[in-house]
Amino acid sequence: MRNQLKIFSKALLSAAISISALAARGETTLQRIDALDEMSFREMINSVGLDGKSADLIRKFQEKEGRNRLYNKEYNAKNSSMVETYRNKEVLLITIPASKLFAPNEVEVRKEAASLLAPLKRYLREPDMYRVLLVMHTDNTGSEKYREHITEERSTALFDWFVKEGCDPRYLFSYAYGDDMPLVENNSLTNRERNRRLEVYLVPGTKMLEQAKKGRIVF
């Protein structure tokens with residue numbers, strides 16, 4: 001799902017950079033952002049190729065980041081959230097129940113959700129250190145149109161939340177999947193609750209890859 005706020009934010013970015021700066025460096029940056037906005041979720045997950053020692057260093061860095069900064073702090077079994085690695089341990093995946101972020105059938109972000117969302121702002125501070133993917137899911141109740149609508153509205157609301165918090169949205173991407181990607185079969189109240197969720201993917205960006213090639217990741 002493409003978010004109009006991303007288009008608006010890029011327009012502001014273009015206006016803020018001088019013509020001479022664009023000629024020197026900004027044009028390439030804007031072209032890259034345009035290309036990223038056209039990617040599907042699957043393409044985005046694999047948008048930065050890793051190999052050799054660089055990949056090994058990023059895996060170690062990601063595992064440490066997940067273990068020391070995310071897991072057992074903001075995200076843990078107590079609030080039914082999970083932190084795990086994905087894509088051969090190169091990507092961090094945070095899963096948050098939709099009920100922690102939204103009231104039933106609502107699309108406005110709960111005030112209480114700030115405690116779960118605020119720690120993620122860190123990953124948008126340095127341009128293209130991370131590509132942050134917000135992927136909203138629901139269960140199979142209600143019509144197909146309703147399921148698509150609520151995940152689209154919720155993913156947009158989450159994107160908006162980060163923008164209002166002053167985050168740079170150029171490397172923030174929102175997707176709505178309805179009930180297309182269930183974790184478990186929708187055959188019980190417990191399972192349907194599990195399927196109603198936000199997945200946040202912290203994908204290494206080009207800046208992390210550049211640092212890894214130099215043998216050290218500083219973040």
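Visitor: In which sense do strand β3 and strand β5 pair, and over how many bridges?

Guide: This is a predicted model, in which local features need pLDDT of at least 70 and side-chain atom pairs count only at pLDDT 80 or more, while totals for chains, interfaces and linings use all residues. Residues are numbered from 1 along each chain as its sequence is written, and side-chain values use heavy atoms, leaving out hydrogens and water.

Strand β3, residues 130–137, and strand β5, residues 197–204, pair in the antiparallel sense over 8 bridges. (Strands are DSSP runs of E, at least two residues, and helices of H or I, at least four, numbered from the N terminus; two strands pair given at least two DSSP bridges.) Within this pair, Tyr-130 of the model faces Pro-204, which belongs to β5.

Now the whole sheet. It is open and has 5 strands, in the order β1-β2-β5-β3-β4, with mixed pairing. Strand β1, residues 82–86, stands at one edge and β4 at another; each has a single partner strand, so one side of each lacks a neighbour in the sheet. On average, neighbouring strands are turned by 20° against each other, direction ignored, with axes fitted to C-alpha atoms.

The model has 8 aromatic pairs (Phe, Tyr or six-membered Trp rings with centres within 6.5 Å; planes under 30 degrees apart are stacked, over 60 edge-to-face, the rest tilted). One of them joins Phe-41 and Tyr-175: the ring centres are 5.7 Å apart and the planes stand at 65°, so this pair is edge-to-face. Phe-41 is in helix α3 (residues 41–45) and Tyr-175 is in strand β4 (residues 172–176), so the pair ties together parts 134 residues apart in sequence.

At 22% relative accessibility, Tyr-177 counts as partly exposed.

Terms used: Buried means under 20% relative accessible area, exposed over 50%, partly exposed in between (1.4 Å probe, protein chains only). Axes are lines fitted to C-alpha atoms, for helices over the stretch in contact, and angles run from 0 to 180 degrees between N-to-C directions.
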